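Trainee: Could you show me how to read a model like this one, feature by feature? I would like the general idea and then the case at hand.

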Amino acid sequence: MKQFIAFVIKEAKHILRDKRTMLILFGMPVVMMLLFGFAITTDVKNVRTVVVTSEMSPRTQQAVERLAQSEYFVITQTVNTPQEAERLIRSQKADMSLTPSPGLTPNPSPRGEGNLKGEGSSNLQWQIMVDGSDPNMAQQWTTYAQSILSQPVDGKHYSLPSPFKFPSLFGEGLGVRPGLGVRLLYNPQMKSAYNFVPAIMGMLLMLICAMMTSISIVREKEKGTMEILLVSPVKPLMVIIAKAVPYLVLAFAILITILLMARFVLGVPLAGSLFWILAVSTLYILLALSLGLLISNVAQTQLVALLLSAMVLLMPVVMLSGMLFPVESMPQVLQWLAAVVPPRYYIEAMRKLMIMGVGIGEVAREVAVLTGMTVVLLAIALKKFDVRLK
Amino acid sequence: MMIKYLIQKEFLQIRRNVFLPKLIIMFPIVIMCVMPWVMQMEVKNIVVDVVDIDHTVESQRLVQQIAASNYFIFGGQKATYAEAMKDIEKGRADVILEIRGGKYLIAANAVNGTKGSMGSAYLSQIIRPTPQPLPVMEGSGYSQGQQVSAPSLTGRAGGGSLLLYNKGQNYKLYMIPALFAIVMMLMTGFLPTLNIVGEKEAGTIEQINVTPVSKWSFILAKLIPYWLIALFVITVCLLLAWFVYGITPAGPVWLIYVLAMLLALFFSSFGLIVSNYSDTMQQAMFVMWFFVVSIMLLSGLFTPTRSMPQWAYLTTYINPMHYFIDAIRTVFIRGGGLHETAHQVLALAGIGTLMGCWAVQSYKKNS
C-alpha cells in the first residue's frame, strides 16, 4: 500500500510540475463553457435584408420599418432591381431580399378572412428572395419575415413573431383552435444552453481525460523509463492504477468547475440530485480514463496516442453523440454506430438528471450501458498491457 | 538547395511512421463517406404519446394522422397524463398529446428547444380543425392545404418566396463545404503541432540547430509537406463529394483550391507556432485542441454567426475559418467567383502570411 501511495505521489508530481498544462486544463473548460453557453445559438437574429423598390410608398415604408424594429432583421440597403439584390446575396452582403408589389393582386385567402385584421399590409404582396444554402435557416427567416409583414399596420402592438415559440403563433390569439394548449416542459424559454451544457460536459470530460491518460504509459515507453517501472517490486496492475488516480482527481476538479459554471454563470438548473449527477459523472470519467489507458497501451509513440485521442476521437464525439445533430434523424446504420459512442449515453443521462430532474431510476439504462462499456474497456486495456518490452 | 533535402527528410519521417500515412489517407475518406449522413438538422421521428380521455371519432382520426406522418412515431395510447410523463422522463417519448373534453394539450420535452417547439408546431397543424372556418394567417402556409407537412417554402400560398441556390433544400449540399473545412483543419493543424515539439522531446532538434540551415528554410521545409497533404486532402474531398453525393461546386474549382491552400497556410503555420512555444507534445496538443474547437464552433460552420452576442461576433473578424467557410459556401453553393469572394480571399491571405512570418520568428535556434 505504501508503495502504491508513493507511486501515486510520483505521478501527481509529474502532472503538477507542468504548470502550463495545468493552466490549460482548467482554463479550457471555463472558456469553452462560456463560448457554448453564450455564443453558440441557433436563434434567428440580425438577418441582413435588402429592400428592392424604386420608390417607397408609405405603406411599404411602415412594413419595412416594423421589420427593422424587430431584432430579427436588419435592413441594410435599398436597391432597384432583384438582380442587384441577388448579387448582394451571392457575395454574402445580404441574406434576404423583399420586393413589395402593392395592390396588384387581391388577397388570395380562400375565405377572405385575412382582411379581418385590418387593411394595412394585408393586401400588400411581398416577394421574398432568400439565400437557401442553409435550408433550415432559410425556412425560419421566411416564416419570421412573413409573420411580421402580415400583421396589421394599425395594430397598437405586434407580437414578436417567433413561429416556433408559443403562444405567439399557435397559442390563443392567432391560434389554431381555442381549445389547444401547448406546454413546453423543462425549458419554457427555450434556452439553447440547457441543451448544450450537458453536451459540452460530455465532450470535455471525454477528450480531456483521454488526452491526459493516453500518453501516460506510452511516454514511459518512449523515454525508456518503463523498463525501470517494470523491474520495480510494484505490480504492473498497480502501475496502471497509480497512473490513473491523479487524473481521476484532476478530472473530478474539472467536473466541479464545469458544474459551478453551469449553475452560476450560465443559469442552467441542476434539477436532479447532485449526488447522482456526480456519481454518473465519476463513472463516465472512469470510462474516459480507461479509453485513454487503452489508447496508451496500444499506441507505440506519443504522436500516435495524441492523434488518436485528440483528432480521431473528436469526430465521433462531436458528430455522433447527439450533441449537434439528433441521432434519431440519422440513417439506421449510423444509429448503430452512434450506439457505441459513450458520450451519447452520458449526455442523455445528464440532460435527464440536470435539466429534467428525474430520479436515478429513469437513467438506469444509460448507467447500465456506461458501466458495461467501462468494464469492457478497462478489461481490454489491462489485457493489452505488456509486462515485457520488445 | 538545402530545402529540397529538408523536405525529403520530412516526407521520409512521415512515411516511416506506421500510423501517419494511414491516417492521412483514411481520415478524409472515412469522414467524407460517413459524416454528411450525420449532419442532418432535420427534426424527424418525434415520438408522440397520446392520452385520449374522449375516445371520439375525432381523436381516432388524430391518432391515425400522427402515425401516418413522416415526422412522428406513434408512441402508444396512455391511460393518464402521469403515465405518459413517465415515458418522457425515461426518454421514450418526446411529446404528449392529451385530449380531454374536446380540448387538446400538447406537452413537449423542450430540453432541446428546437425539437420541442418544432414538434409541437407540426403537431398543432394536425389538430387543426377541419369543419369550422378559422382565421387565416397571411402567407403563413400553416393554414393552407389539408395535408400535414412541414412549413415548406415551396408551394406556400400568399406572397411568394423564392429560394435561391439550394433549391432542393439539401442539407448535404450545405454541410459538405463545412466538412472540407473540418478535414483540412484537423489534418493541417494537428500534424504540424506535434512536429517540432516532437523533435524537441526526442532531442533531434539539437542536431538541426547546429547546422547552418536558416530559420526560413527550416520552417518552410516543415510547412511545405503539409501544404502538399492539404492539396491531396482537398482533391479527395472534392472527388468524393462528386462520386458519392453527386455534388459538384457551382463556382470555379481553382478558387476552391486557392481557398484551401490559404486555409492550410494558416493552420500549418499556427500548428508550428504552438509547437515552437510548447515544451511537451501533450501541452502542444491541448493548446491546439482548444483553439481548433473554438475556431470551429465560432466560425459559423454549424450555427449562424449573426446570432452571436456582439463580443463573440467580434472574434469572427480574426477567425480565418469564418472567412473560409463564407467564401467556400459562396463558391460551392451560390456559384460565386473571385469577385464575390475577394474580401475573404484577401483576409485569409493576410492572416495566413502573418502566421507564416510568426512561425519563422517564434522558432529559436538556440535554446
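Trainee: Is Q92(A) buried or exposed?

Mentor: Buried means under 20% relative accessible area, exposed means over 50%, and partly exposed lies in between (1.4 Å probe, protein chains only). Q92(A) counts as buried because its relative accessible area is 11%. This is a predicted model, where local features need pLDDT of at least 70, side-chain atom pairs count only at pLDDT 80 or more, and totals for chains, interfaces and linings use all residues. Residues are numbered from 1 along each chain as its sequence is written, chains are lettered from A and ligands numbered from 1 in the order in which they are written, and side-chain values use heavy atoms, leaving out hydrogens and water.

Trainee: Where is Q92(A) found?

Mentor: Helices (H or I, at least four residues) and strands (E, at least two) are DSSP runs, numbered from the N terminus. Q92(A) is in the loop between α4 (82-90) and β3 (96-102) of chain A. Its phi is positive, about 60°, although Q92(A) is not a glycine.

Trainee: How do I read a pocket, and how much space lies in the second largest pocket?

Mentor: Rolling a probe the size of a water molecule over the atoms shows where empty space is left. On a 1 Å grid over the protein atoms alone, using a 1.4 Å probe, a pocket is an open set of points with protein on both sides within 12 Å along at least five of seven lines; lining residues have an atom within 4 Å of a point. Grid points are joined across faces, edges and corners, and the volume is the space filled by probe spheres set on the points. Here, the second largest pocket holds about 660 Å³. It is lined by 35 residues, and the closest to its centre are R48(A), Q92(A), T305(B), R306(B) and D326(B).

Trainee: Which element gives the largest share of that lining?

Mentor: That is α12(B), with 5 residues. By class, the lining has 10 nonpolar, 13 polar and 12 charged residues. Ala, Val, Leu, Ile, Met, Phe, Trp, Tyr, Cys and Pro count as nonpolar, Asp, Glu, Lys and Arg as charged, and the others, Gly among them, as polar.

Trainee: What about the largest nonpolar core: which residues touch the most other members?

Mentor: A nonpolar core is a set of buried Ala, Val, Leu, Ile, Met, Phe, Trp, Tyr and Cys residues joined through side-chain atoms within 4.5 Å. The largest has 226 residues, and L307(A), W289(B) and F302(B) touch the most other members. Among the residues that W289(B) touches are M28(A), L207(A) and F190(B). A second, separate core of 24 residues includes L180(A) and V50(B).

Trainee: Where is confidence lowest and highest in chain B?

Mentor: pLDDT is the predictor's confidence in each residue, from 0 to 100. Among the elements of chain B, strand β5 (residues 161-164) is lowest, at a mean of 73, and helix α9 (residues 253-277) is highest, at 91. Over residues 130-158 of chain B the pLDDT is below 50. Where pLDDT is low, the predicted coordinates should not be read in detail.

Note on methods: Contact = heavy atoms within 4.5 Å. Lists of a residue's contacts leave out its neighbours within four places in sequence.
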